[in-house]
Amino acid sequence: QLQACGGGLVQPGGSLRLSCVASGINFRFYGMSWYRQAPGQQRELVATVFSGGNTNYADSVKGRFTISRDNAKNAVYLQMNSLKPEDTASYYCNAKFFKSSHWGQGTQVTVSS
């Protein structure tokens, strides 16, 4: 089970930090990702942190977002800076290990003045 939180309403240029805590899985073996989905659009991959600590980012968020994990807390984070209106979406965390994939509920991020 994955529990995400940290979304909210923020002005353009602002920051938010999303958190996702996992239970019931051997967290340290899982690759952890954040996805987002805006209304009427497909879900897209935002960032991934692999079990070894390497990270990948979508081009649209590089330099603005940072994904990190804390294996001791079974948690993954997404620090979002310099937010833009186009970042508005529901954000979902995902845990993946080979064919095993788990999704959390979405947390809404709205960037608006």
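In what sense, parallel or antiparallel, do β3 and strand β8 (residues 75–80) pair, and over how many bridges? In this predicted model, β3 and β8 pair in the antiparallel sense over six bridges. Within that pairing, Leu16 stands opposite Met80 in β8.

Strand β3 (residues 16–22) has a further partner: strand β1 (residues 2–5) pairs with β3 in the antiparallel sense over four bridges, and Gln3 stands opposite Val21 in β3. Strand β3 is mostly covered, five of its seven residues being buried.

| Strand paired with β3 | Sense | Bridges | Opposite residues |
|---|---|---|---|
| β1 (residues 2–5) | antiparallel | four | Gln3 and Val21 |
| β8 (residues 75–80) | antiparallel | six | Leu16 and Met80 |

The chain as a whole contains eleven strands and zero helices. Its radius of gyration is 13 Å, close to the 13 Å that the globule rule gives for 113 residues, so the chain is as compact as a globular protein of that length. The C-alpha trace spans about 40 × 25 × 20 Å along its principal axes. Of the 113 residues, 41% are buried. Among contacts between residues at least 6 apart in sequence, 52% join residues at least 24 apart.

The accessible surface comes to about 6100 Å², and 48% of it belongs to carbon and sulfur atoms. There are 11 positive and 5 negative side chains, with the centres of the two sets 9 Å apart.

Asn54 lies in the loop between β5 (44–49) and β6 (55–57). Asn54 counts as exposed because its relative accessibility is 58%, the cut-off being over 50%. Beyond its neighbours within four places in sequence, Asn54 is in contact with Thr48 and Val49. Asn54 and Ser68, 14 residues apart in sequence, are 9.5 Å apart in space, C-alpha to C-alpha.

Note on methods. Residues numbered from 1 in each chain as written. Predicted model: local features only at pLDDT ≥ 70, side-chain atom pairs only at ≥ 80, totals over all residues. Heavy atoms only, no water. Buried < 20%, exposed > 50% of the residue type's maximum accessible area, 1.4 Å probe, protein only. Helix = DSSP H or I, 4+ residues; strand = E, 2+ residues; numbered from the N terminus. Pairing = 2+ DSSP bridges. Contact = heavy atoms within 4.5 Å. Rg over C-alpha atoms; globule rule 2.2 N^0.38 Å. Areas by Shrake-Rupley, 256 points an atom, 1.4 Å probe, with all protein chains shown as cover. Lys, Arg positive; Asp, Glu negative; His and termini not counted. Charge placed at Lys NZ, Arg CZ, Asp CG, Glu CD.
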